[in-house]
Amino acid sequence: MKILLLNPNIDAQRKIFLFLKNGGIAVLTPANNEEAWQTLQLHGSSVELAIVHREGLGGQGDSGLEFIKKIKSDPTQADLPLIVTHEKWSDEKAAEHQAGPTGANAY
């Protein structure tokens, strides 16, 4: 299994990375949204899951959500399973987002 992990928090990203790696999973950790998109294009369908932090990289508001919109609007990536991590959303807000057109599989 190959997972794309996009998280601006270095400590959180490292913990998730090590957990997955120790489980025998290949983890791709791009530096930003642009690199993440290039990584998806390069690795294609071999990426089986993306874990994206809502706040995204670089402290740019909801840039993780912008990246998810890009994935959902691309016919070759639209079915990629997504997990959204977040620090500020309530369970209700996550459920509301999940019900929308750019909703993820889990939060």
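# Exercises on a predicted model

Helix 2 and helix 3 are roughly parallel to each other, where roughly parallel means an angle under 35 degrees. The structure is a predicted model, in which local features need pLDDT of at least 70, side-chain atom pairs count only at pLDDT 80 or more, and totals for chains, interfaces and linings use all residues. Residues are numbered from 1 along each chain as its sequence is written, and side-chain values use heavy atoms, with hydrogens and water left out.

**Exercise 1.** Describe how helix 2 and helix 3 pack.

*Solution.* Step 1: locate the elements. Helix 2 covers residues 33-43 and helix 3 covers residues 63-73; helices are DSSP runs (H or I, at least four residues), as strands are (E, at least two), numbered from the N terminus.

Step 2: state the geometry. The angle is about 25° and the axes lie 10 Å apart. Axes are lines fitted to C-alpha atoms over the stretch in contact, and angles run from 0 to 180 degrees between N-to-C directions.

Step 3: list the residues in contact (heavy atoms within 4.5 Å). Helix 2 contributes Asn33, Ala36, Trp37 and Leu40, while helix 3 contributes Ser63, Gly64, Phe67, Lys70 and Ile71.

Step 4: sort them by class. Five are nonpolar, three polar and one charged; Ala, Val, Leu, Ile, Met, Phe, Trp, Tyr, Cys and Pro count as nonpolar, Asp, Glu, Lys and Arg as charged, and the others, Gly among them, as polar.

**Exercise 2.** Determine whether Thr39 is buried or exposed, and name its contacts.

*Solution.* Step 1: Thr39 belongs to helix 2.

Step 2: apply the cut-offs. Buried means under 20% relative accessible area, exposed over 50%, and partly exposed in between (1.4 Å probe, protein chains only). Thr39 has 14% relative accessibility and therefore counts as buried.

Step 3: leaving aside neighbours within four places in sequence, Thr39 is in contact with Leu4, Leu28, Pro30 and Gly44.

**Exercise 3.** Carry out the corresponding analysis for Glu35.

*Solution.* Step 1: Glu35 is found in helix 2.

Step 2: its relative accessible area is 34%, so Glu35 is partly exposed.

Step 3: not counting residues up to four places away in sequence, Glu35 touches Thr29 and Pro30.

Step 4: the C-alpha atoms of Glu35 and Leu6 are separated by 9.9 Å, although these residues are 29 residues apart along the chain.

**Exercise 4.** Summarise the protein chain as a whole.

*Solution.* Step 1: the protein chain has four helices and four strands, in the sequence pattern β-α-β-α-β-α-β-α.

Step 2: the C-alpha trace spans about 35 × 30 × 25 Å along its principal axes.

Step 3: of the 107 residues, 40% are buried.

Definitions and conventions
Angles under 35 degrees count as roughly parallel, over 145 as roughly antiparallel, 65 to 115 as roughly perpendicular and the rest as oblique.
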